[in-house]
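Reader: Hi! Could you walk me through this one?

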Amino acid sequence: VNGVRQGWRDSVPRVTALRATPAVEWVRANTRPTDVIAMEDDPLLYLYTGRRAVPVGTFTPEEYLSEQTYAFATEQLGTIIGRYRPTYVIGTTSYGVISARALATRTPPELRVHALLRTAAIFAPMTR
């Protein structure tokens with residue numbers, strides 16, 4: 001009863017929409033239809049922009065047994081960038097932003113900060 005009264009059924013989509021909307025709007029206004037975007041909310045991004053999208057992390061059994069570390073998230077993001085060659089990497093959660101920032105501060109850097117939004121940090125690979 002409390003869940004229905006307090007709207008728990010749509011709390012996750014509501015939070016996700018608030019977090020992802022500025023990034024979706026930025027992608028629509030600043031990218032080409034052929035660009036590939038890496039982002040936590042990749043299905044939402046594809047749905048609302050039509051851009052090809054890939055996640056910034058992997059989904060492994062270990063994540064269900066223990067909390068993912070930032071070092072693991074960083075390594076996984078590096079693998080995703082190498083494999084899918086996204087035009088932009090957008091972090092909208094602490095894991096996305098911290099792992100992208102870690103790649104931006106490596107020597108040599110793999111990413112650079114491209115833009116900062118209210119709820120997202122946008123990075124571009126150094127090879128582009």
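Author: Happy to; here is the overall fold, then one residue. This is a predicted model, in which local features need pLDDT of at least 70, side-chain atom pairs count only at pLDDT 80 or more, and totals for chains, interfaces and linings use all residues. Residues are numbered from 1 along each chain as its sequence is written, and side-chain values use heavy atoms, with hydrogens and water left out.

Reader: Thanks! How many helices and strands does the chain have?

Author: There are six helices and five strands, where helices (H or I, at least four residues) and strands (E, at least two) are DSSP runs numbered from the N terminus. Starting at the N terminus, the order is α-α-β-α-β-α-α-β-α-β-β.

Reader: And how much of the chain is buried?

Author: Buried residues are 40% of the 128 in the chain. Buried means under 20% relative accessible area, exposed over 50%, and partly exposed in between (1.4 Å probe, protein chains only).

Reader: Switching topic: where does Leu117 lie?

Author: Leu117 sits in the loop that links strand E4 (111-116) to strand E5 (121-125).

Reader: Why does Leu117 count as partly exposed?

Author: Because its relative accessibility is 25%.

Reader: Which residues is Leu117 in contact with, leaving aside neighbours within four places in sequence?

Author: Those are Pro22, Ala23, Trp26 and Ile122; contact means heavy atoms within 4.5 Å.

Reader: What separates the C-alpha atoms of Leu117 and Ala102?

Author: A distance of 18 Å, with the two residues 15 apart along the chain.
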